[in-house]
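Student: Please take a close look at one part of this model, the strands and the loops that link them. Begin with the surface and the whole chain, and then go into detail.

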Amino acid sequence: MSKESPTKPTTQALAMVNNNSKWLVDNKDHFKPPVCNYMMHGAGRLKVMFVGGPNIRKDFHLEEGEEFFYMVKGDMALIVLENGKFKNIIIKEGEVFHLPGKIPHSPQRYADTMGLVIERERMKHERDCVRYFVDDTTATLYEEWFYCADLGTQLGPLIKRYFASEQHKTGRPLPGTITENPPFQPDAVRTTEKPFHLRKWIDKNMEKIQSEGKLRLWDTSYQSDILALGEGRDVDVSLGDEETWLWQLVGTSSVEMQGQKTVLGVDDSALLKAQSIYTHVRSCGSVCLFVQMPWANKDRAYKHLSK
């Protein structure tokens, strides 16, 4: 993560609206190595960021929340540790991918690429881990557990500590440095689903999206609620402690909050902040992506681990 960018506030700062393509052009100077990322929204529950390249790394990240990926330009590779083996997932331009929690992962990004990543704020008791492995094995060489408040500022010093460590110099773990009772174990059961092309998926499912008013991109075995919303009206929706990110993909829709209306055109996005009430009206043929990552949904994603 990195510092949050300025956005165009609307509706007494309860909604924050951007055109994604324009935002990327306006903020192009922020996408420089070694971090190559910049936060569109990061002050609340949802962390919405864009990530460029190049950024080839050896570290693996573990978290209990999930991550949503969409490649705006070019392809990326996401190396995951799945069922005890490393797996290379290629996310191509225009494709989406949903990473479950507790899966060790290492994103590999190339020059002249750009991707969207959404993740959630950590609960106060949750801890992330950055881990290095011994060569190409699954044996842990070096790790640090920490509360992730801002990975963009926390990762750099951690990497420097690793490169200065005895473990890096020798390629061997030091006794007593690997946590014996970690906050959680990686999910050794779950398998990841294949990335898919977002626009092709919409075209294939357009009739169902419009007739039913909404369609999940992934089922409820995930924590996150990510849906394609079709024609319809959601009236006086109360967000409570959660935030919602809307991304207009086809046609137009309007968001009204406290009597003020904002029209979303293609590639416009809006962050609807916590404790707000909104009405969302979508025109005929409209498709709007809906993203929420509620803390309350966490347990449903790990039912398979309690069996």
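Tutor: The accessible surface of the chain comes to about 14200 Å², and carbon and sulfur atoms account for 52% of that area. This is a predicted model, and every value here is computed from it. Of the 307 residues, 56% count as buried, where buried means under 20% relative accessible area. A compact globule of 307 residues would have a radius of gyration near 19 Å, and the chain has 20 Å, so the two agree. Along the principal axes, the C-alpha trace spans about 60 × 45 × 35 Å. There are 40 positive and 41 negative charges, and their mean positions lie 1 Å apart.

Now the strands. The chain contains 23 of them, together with four helices. Of the contacts between residues at least 6 apart in sequence, 71% join residues at least 24 apart.

One group of strands forms an open sheet of six, in the order S3-S4-S11-S6-S9-S14, and the pairing is antiparallel. Strand S3 (37-41) and strand S14 (196-197) stand at its edges, each with a single partner strand, so one side of each has no neighbour in the sheet. Further in, strand S6 (residues 67-73) is joined to S9 by four bridges, and the two run antiparallel. In one of these pairs, tyrosine 70 has valine 96 of S9 as its bridge partner.

The loop between strand S4 (46-52) and strand S5 (60-62) holds proline 54. The peptide bond between glycine 53 and proline 54 is cis, with omega at about 10°. The loop between strand S9 (95-99) and strand S10 (105-109) holds lysine 102. This lysine 102 has a positive phi of about 65°, although it is not a glycine.

Lysine 102 has 13%, so it is buried. Glutamine 275 has 56%, so it is exposed.

Next, take the hairpin formed by S12 and S13, which has six residues between its strands. In the turn, aspartate 135 has a positive phi of about 50°. Strand S12 (residues 128-133) runs antiparallel to S13, and six bridges join them. Across the pair, cysteine 129 stands opposite tryptophan 145 in S13. Seven of the seven residues of strand S13 (residues 140-146) are buried, so this strand is largely enclosed by the rest of the structure.

Asparagine 205 lies in helix H4 (residues 198-212). Its relative accessibility is 16%, so asparagine 205 counts as buried. Leucine 215 is ten residues away from asparagine 205 along the chain, and their C-alpha atoms are separated by 8.5 Å.

Terms used
Residues numbered from 1 in each chain as written. Predicted model: local features only at pLDDT ≥ 70, side-chain atom pairs only at ≥ 80, totals over all residues. Heavy atoms only, no water. Rg over C-alpha atoms; globule rule 2.2 N^0.38 Å. Buried < 20%, exposed > 50% of the residue type's maximum accessible area, 1.4 Å probe, protein only. Contact = heavy atoms within 4.5 Å. Areas by Shrake-Rupley, 256 points an atom, 1.4 Å probe, with all protein chains shown as cover. Lys, Arg positive; Asp, Glu negative; His and termini not counted. Charge placed at Lys NZ, Arg CZ, Asp CG, Glu CD. Pairing = 2+ DSSP bridges.
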